[in-house]
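Please consult the sequence and the model alongside the text.

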Amino acid sequence: METKNVMIVGVGGQGSLLASKLLGRLLLDEGYDVKVSEVHGMSQRGGSVVTYVRYGDKVYSPVIDKGEADYIVSFEILEAARWLPYLKKDGQIVTNIQEIDPMPVITGAAEYPADLVEKMKASGAKVDALDCLKLAEEAGSAKAVNIVLMGRLSHYFDMPDEAWQKAMERIVPAKFLELNKVAFELGKNA
């Protein structure tokens with residue numbers, strides 16, 4: 001199998017590292033060689049965060065270059081647009097529609113871009129955009145956006161639901177497991 005590339009992008013504090021660990025665990029359990037690279041950026045200050053997950057028969061590097069991502073999973077719509085140049089021509093974006101103002105918008109130096117989903121689609125990208133925050137709150141916690149996104153991503157992977165559940169049981173703390181299972185199903189079936 002050729003190497004597949006997944007970028008998980010967002011803003012610091014949204015749970016992208018847990019999402020990448022869940023995806024990495026799933027892929028390892030399914031027998032793939034997996035490389036995960038965490039690039040934090042200014043994560044403690046709400047800055048851009050990206051994690052690379054690469055998997056296949058043999059993966060030599062954890063880094064994804066422009067035009068190589070099969071999937072971009074985004075916790076925030078502007079981050080999806082920011083990382084769009086990394087998506088392959090036939091790649092898939094799975095994104096939360098939530099908008100988190102970056103510092104230039106907060107300070108009044110810039111305006112948050114409008115119509116980002118339409119603009120990404122107009123560029124030729126396949127975009128699956130949903131309100132993951134609403135679904136996470138429905139599951140019981142706004143912090144479950146990461147697992148809602150993983151549930152939605154599972155829609156594009158040919159892997160049994162039991163494998164995702166098993167990986168979640170290994171990664172998610174027991175006290176949050178049931179909530180996260182609900183969040184996963186809401187994302188998957190959205």
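A residue is called buried when its relative accessible area is under 20%, exposed when that area is over 50%, and partly exposed in between, with a 1.4 Å probe and protein chains only. The structure is a predicted model, in which local features need pLDDT of at least 70 and side-chain atom pairs count only at pLDDT 80 or more, while totals for chains, interfaces and linings use all residues. Residues are numbered from 1 along each chain as its sequence is written, and side-chain values use heavy atoms, with hydrogens and water left out. Helices (H or I, at least four residues) and strands (E, at least two) are DSSP runs, numbered from the N terminus.

**Helix 6**

- Helix 6 spans residues 145-154 and is largely enclosed by the rest of the structure, because 10 of its 10 residues are buried.

- Strand 1 is mostly covered, with seven of its eight residues buried.
- Two strands are taken to pair if DSSP finds at least two bridges between them.
- Strand 3 (residues 48-56) runs antiparallel to strand 1, and eight bridges join the two.
- Within this pairing, V9 has V50 of strand 3 as its bridge partner.
- Strand 4 (residues 69-74) pairs with strand 1 in the parallel sense, over four bridges.
- Here the bridge partner of M7 is I72 in strand 4.

**Surroundings of N5**

- N5 lies in strand 1, which covers residues 4-11, and N5 is buried at a relative accessible area of 4%.
- The side chain of N5 makes a polar contact with the side chain of R54 at 2.5 Å; such a contact is a pair of N or O atoms within 3.5 Å, where within protein one must be able to donate a hydrogen and the other to accept it, and residues adjacent in sequence count only if both atoms are side-chain atoms.
- With contact defined as heavy atoms within 4.5 Å, and leaving out residues up to four places away in sequence, N5 touches V53, R54, I64, E68, A69, D70 and Y71.

**Salt bridges**

- A salt bridge requires a side-chain nitrogen of Lys or Arg within 4 Å of a carboxyl oxygen of Asp or Glu.
- A search of the whole structure finds 10 salt bridges.
- D33 and K35 form one of them, at 3.4 Å from N to O; D33 is buried at 17% relative accessibility, whereas K35 is partly exposed at 25%.
- D161 and K188 also meet through their side chains in a salt bridge, at 3.4 Å from N to O.
- This pair links distant parts of the chain, 27 residues apart: D161 belongs to helix 7 (residues 161-171) and K188 to helix 8 (residues 177-188).
- E169 forms a salt bridge with K181, the closest N and O atoms being 2.9 Å apart.
- That pair likewise links distant parts of the chain, with E169 in helix 7 and K181 in helix 8, 12 residues apart.
- E169 is partly exposed at 43% relative accessibility, while K181 is buried at 19%.
- Salt bridges that share partners join E2, D70 and K88 into one network.
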